Amino acid sequence: MTASFRFDPIALPPDCERLRGEVRAFLEAEASAGGWRPHGGDFGSRHSPEFSRRLGARGWIGMTWPRRYGGGERSFLERYVVTEELLVAGAPVAAHWIADRQSGPLLLRFGSEEQRQRLLPGICRGEIFFCIGMSEPDSGSDLASIRTRAVPVAGGWEVTGAKLWTSHAKRAHYMIALVRTAPAGEDRHAGLSQLVIDLSAPGLSIRPIRNLAGDTDFNEVVFDKVFVPSAMLVGEAGEGWRQVTSELAFERSGPERFLSTIRLLIELVRRLGADPEPRAAAALGRLAAHLWTLRRMSLSVAGMLQAGATPNLEAALVKDLGNAFEREIPEVVRLVAPGRRRAGANDALEELLAEAVLNAPSFTLRGGTREILRGIIARGLGLR
Amino acid sequence: MTDRLVDAAADRLFAGQVTPPLHAAAEAGTFPEALWRAVAEAGFAEALAAGAGLAGLPEAVAILRAAGRRAAPLPLAEAMLARWSLGAAGTDLPPQAVLTLAPVEIDERVAAERLANGWRLRGALSFVPWARAATHLVLVAAGGLFLLPAAGLAPRHDRNLAGEPRDHLALDAVAERLSLAAGRDPALLYPLGALCRAAQMAGALEGALALATQYANDRVQFGRPIGKLQAIQQQLAQMAEAAAAAGVAVDAAAAHIAAGGDAAFAAAIAKIRAGEAAGKAAEIAHQVHGAIGFTHEHPLHRLTRRLWSWRDEFGNEGFWALALGRRMAAQGAEAFWPAMTA
Ligand SMILES: Cc1cc2nc3c(=O)[nH]c(=O)nc-3n(C[C@H](O)[C@H](O)[C@H](O)COP(=O)(O)OP(=O)(O)OC[C@H]3O[C@@H](n4cnc5c(N)ncnc54)[C@H](O)[C@@H]3O)c2cc1C
């Protein structure tokens, strides 16, 4: 009776705690210098190229990458510590987040030497930002059904189609797009490829889309015969599906999958005071137990990634549980926070709560919906 | 041995020996002597007592998880805790001695009165695990520790939802007060008991998940295995999440405490998480199994009735959530995140 999933225990080495101290000191100095205001709701919805550059100067972007590409050759666990501290501080990490988490590692794994030399050092300096072009108007969960296509032309590819819900496309420099380069045959996962697309290329237009919380973080990106040089093909043509699925454990298991509303929870602790009524205290204790556990699960996945494994099943487990947790926080706060709904109570708790309630629906959609994650877990259990 | 090897060894032992007839006999009131001897010979009851302080906790937790997976009907957690609390004073006891401990209810106290020849101990003790099968009882009273032979205690038989002995004692006995072993504060027995029950639950959750996935692949309705139905898949995925979270909470709590972290803090987390997982997972397991899972014949209830019992013993998730929440609130907002990463 062996479980199909496995979470190896992990202990952070002492140098991680030293690093944590450095990050906390940096963030305190940043916050008191007033460069940005901490926020809660939706991780990464605050975008600050200046902040990203200062972070890059500290060596905290591309931390795990080889030095020859500007990286720091540090461990995944050290990177983990930095990212969790940034999120809990509500730092404006959106600009570099995707390049650091996903695009850079993808290029390290599958990209050409030329692509790495050209793009990775700028990512590490906090100067080059990426977005992810997977979803389309008719393709969300069913990613393999995408229609944006790239046809071979002299010296490269010509891309036509549209990507939708592309976070931060308006302020990014490049997109890694999943496109169809050959018709789907028997195997619908065949014929897909990944391209690095320069967002300033002619024929490419970006339209911001306002979300229900009033922000315009995501966009529609339309390609009208956009030329992409052949040097910008990532990995092999036709290998896009395999490459894209190898990103998923990175995309799904990080602390951003359960910390989206952590600042609201901390604000609740402040509001409750030292001696809360029992119902509120018990609700807080329960959430603390969940958070402590989720963090250990997520750290365990980071440890497995460090060891070179591809823990997609474990990442799906962490993300689904983590999203449920971050969605639950506002629901708990509504019911147990004392002193709510006073006229003019335009305070931190109310602000964070409003942001959390409005952004909550996106938590269980972005990066793979709840239902899709549970399907992956079921398959991992040996069902279907 | 690494905890993984310990788990594998324990899993082999329990898988081989915890059979349906053994369960039937245990529920009918027969203590599984042969199984207990095998467990004693493997040194499992001494896993927690071995080593300094609580260094043995990760290994103990791995063994309890394996025992929970097979619903082993034994006072193994109790014996581990009792032997740990005794320290060197327990090393004279034969390996196959059956130890239990009391009180296990948070609000029960034993009155201890000093006499010329020792201490007179009096009190009503409820739900003492396996008192009827025990050879020795470790008693916590007046902040001290006492070791009593269990013969003559005349327990009133009772049981938990799983049919495990939980007996009541009207205690009036005289015993020597033991000197406390360094780092083995009897006040830790309650949170450690909670962690042990959480470990047993983590195991039972794995066992129940394995049964439910197997059943979903085997049971055919509408011409195909029910495991192909998305409604069933989504349920089992949530059950897997519950089992995974309980397992991680237990392992991480044990590692935290073994490394010198606060036992009440980490044990609270493990008991809250495993307790919540137990209710959810048991519900899903039964739903997936249909009527066959509601029969005495089917093995599922050996695990689920234990989950329902264990989640309430040594403090349920409500009790620990209140304790943990009060603690977090008292420490204040700025200390909240540092406590999560410590
Ligand atoms: C805030 C936000 C940011 C995003 N950023 C990006 C980005 O930067 N780049 C990018 O490419 N995409 C991005 N997305 C898109 C995201 O990946 C998709 O929303 C997601 O994959 C789901 O696709 P969909 O919205 O088309 O929903 P659909 O796939 O149409 O799903 C609708 C509903 O049907 C369910 N469903 C679908 N298929 C199944 C199935 N097989 N079984 C059971 N249920 C099913 C879904 O779970 C969901 O509940 C973002 C989304 C959000 C909300």
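The model is predicted. Chain A is divided into three stretches: domain 1 (14–129), domain 2 (132–239) and domain 3 (243–380). In chain B, three strands form one open sheet, and four strands form another open sheet.

**Domains of chain A**

- Between the centres of domain 1 and domain 2 of chain A, taken over C-alpha atoms, there are 25 Å.
- Domain 1 of chain A gives 21 residues to the contact, and domain 2 of chain A gives 17 residues.

**Helix pairs in chain A**

- Two packed helices are described by the distance between their axes and the angle between those axes.
- Helix α1 (residues 14–33) and helix α2 (residues 49–57) of chain A have axes that come within 12 Å and cross at roughly 150°.
- Angles over 145 degrees count as roughly antiparallel, and α1(A) and α2(A) are therefore roughly antiparallel to each other.
- The crossing of α1(A) with α2(A) is right-handed.
- On the α1(A) side the contact is made by Phe26(A), Leu27(A) and Glu30(A), and on the α2(A) side by Phe51(A), Arg54(A) and Leu55(A).
- Four nonpolar and two charged residues make up the contact of α1(A) with α2(A), with no polar residues.
- Helix α3 (residues 76–88) and helix α9 (residues 278–306) of chain A have axes that come within 9 Å and cross at roughly 145°.
- This crossing of α3(A) and α9(A) is right-handed.
- From α3(A), the contact is made by Phe76(A), Leu77(A), Tyr80(A) and Glu84(A), while the residues from α9(A) include Arg295(A), Ser298(A) and Leu299(A).
- By class, the contact of α3(A) with α9(A) has six nonpolar, three polar and two charged residues.

**A helix pair in chain B**

- The axes of helix α6 (residues 189–218) and helix α9 (residues 300–310) of chain B come within 9 Å, crossing at roughly 150°.
- α6(B) and α9(B) are therefore roughly antiparallel to each other.
- The crossing of α6(B) and α9(B) is left-handed.
- Leu300(B), Leu303(B), Leu307(B) and Trp310(B) in α9(B) meet residues of α6(B), among them Arg197(B), Met201(B) and Leu211(B).
- The contact of α6(B) with α9(B) divides into nine nonpolar, two polar and one charged residues.

**The three-stranded sheet of chain B**

- The strands of this open sheet in chain B follow the order β2-β3-β6, and the pairing is antiparallel.
- At the edges stand β2 (111–115) and β6 (166–175) of chain B; each has a single partner strand, so one side of each has no neighbour in the sheet.
- On average, neighbouring strands of this sheet are turned by 15° against each other, direction ignored.
- β2(B) is joined to strand β3 (residues 118–129) of chain B by five bridges, and the two run antiparallel.
- Ala111(B) has Arg122(B) of β3(B) opposite.

**The four-stranded sheet of chain B**

- The order of this open sheet in chain B is β1-β4-β5-β7, and its pairing is mixed.
- Its edges are β1 (99–102) and β7 (177–178) of chain B, each with a single partner strand, so one side of each is left without a neighbour in the sheet.
- Strand β5 (residues 144–149) of chain B and β7(B) run antiparallel and are joined by two bridges.
- Leu145(B) has Leu178(B) in β7(B) as its bridge partner.
- Helix α5 (residues 76–86) of chain B lies across β1, β4 (136–141), β5 and β7 of chain B, and runs at about 75° to β1(B).

Technical notes: Residues are numbered from 1 along each chain as its sequence is written. Chains are lettered from A and ligands numbered from 1 in the order in which they are written. This is a predicted model: local features need pLDDT of at least 70, side-chain atom pairs count only at pLDDT 80 or more; totals for chains, interfaces and linings use all residues. Side-chain values use heavy atoms; hydrogens and water are left out. Axes are lines fitted to C-alpha atoms, for helices over the stretch in contact, and angles run from 0 to 180 degrees between N-to-C directions. Angles under 35 degrees count as roughly parallel, over 145 as roughly antiparallel, 65 to 115 as roughly perpendicular and the rest as oblique. A crossing is left-handed if the near helix is turned anticlockwise from the far one by less than a right angle, and right-handed if clockwise. Contact means heavy atoms within 4.5 Å. Ala, Val, Leu, Ile, Met, Phe, Trp, Tyr, Cys and Pro count as nonpolar, Asp, Glu, Lys and Arg as charged, and the others, Gly among them, as polar. Two strands pair if DSSP finds at least two bridges between them. Domain bounds come from an automatic or database domain assignment.
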